[in-house]
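The discussion refers to the sequence and model shown below.

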Amino acid sequence: MVRKNFFLGIAIVWTLIVLVLCLVRLDGAPKVNVINFDKYIHSFFHFSFTTLWFLYFKLHFKGNSKLNPFLFSWFFSVFIGILIELLQKYCTVSRSGDVLDVCANVFGASLAIIFCYYLDRNNYLKLILK
């Protein structure tokens, strides 16, 4: 129970960090001279997001279908990514929604699923989740 709550807590905190960083005004943020740097950030956010939620769902769905943690974490990440872009477009004045950001989110979430599958397939998750 403690492990499940631990991973749930970390996943919720990361979700809140992503929400805040994606919805607040970032006028004072330092500029980085890398083409499409924000897409790398989106991919990193959703790679981390998906991995953390996968770890929670892996504990939550013990004994059920092996696909459930993969599917739930991926769809949840994509849903939150689309929701954030819609909130940026319709609920903020300093941010704008971007379809390419959604693509970067999906890419990051998909990489996380591949990573988590590798960990699960090679029994590394037993070390993390024990």
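In this predicted model, helix α2, residues 37-60, packs against helix α4, residues 99-121, at an angle of about 40°, and their axes lie 7 Å apart. The arrangement of α2 relative to α4 is therefore oblique, since angles under 35 degrees would count as roughly parallel and those from 65 to 115 as roughly perpendicular. The crossing of the two helices, α2 and α4, is right-handed. Where α2 meets α4, the contact residues comprise 11 nonpolar, 7 polar and 5 charged.

The salt bridges come to 4 in number. One of them joins the side chains of Asp101 and Lys39, with 2.7 Å from N to O. Because Asp101 belongs to helix α4 and Lys39 to helix α2, this pair ties together parts that are 62 residues apart in sequence. Both Asp101 and Lys39 are buried.

Lys39 also meets Asp38 in a salt bridge, at 2.8 Å from N to O. Lys39 has 15% relative accessibility and so counts as buried, whereas Asp38, at 35%, counts as partly exposed. Asp38, Lys39, Asp98 and Asp101 are linked in a network of salt bridges.

A further salt bridge is formed by Lys58 and Asp120, whose closest N and O atoms are 3.1 Å apart. This pair links distant parts of the chain, with Lys58 in helix α2 and Asp120 in helix α4, 62 residues apart. Lys58 is buried, with a relative accessible area of 16%, and Asp120, at 13% relative accessibility, counts as buried too.

Note on methods:
Residues are numbered from 1 along each chain as its sequence is written. This is a predicted model: local features need pLDDT of at least 70, side-chain atom pairs count only at pLDDT 80 or more; totals for chains, interfaces and linings use all residues. Side-chain values use heavy atoms; hydrogens and water are left out. Axes are lines fitted to C-alpha atoms, for helices over the stretch in contact, and angles run from 0 to 180 degrees between N-to-C directions. Helices (H or I, at least four residues) and strands (E, at least two) are DSSP runs, numbered from the N terminus. Angles under 35 degrees count as roughly parallel, over 145 as roughly antiparallel, 65 to 115 as roughly perpendicular and the rest as oblique. A crossing is left-handed if the near helix is turned anticlockwise from the far one by less than a right angle, and right-handed if clockwise. Ala, Val, Leu, Ile, Met, Phe, Trp, Tyr, Cys and Pro count as nonpolar, Asp, Glu, Lys and Arg as charged, and the others, Gly among them, as polar. Buried means under 20% relative accessible area, exposed over 50%, partly exposed in between (1.4 Å probe, protein chains only).
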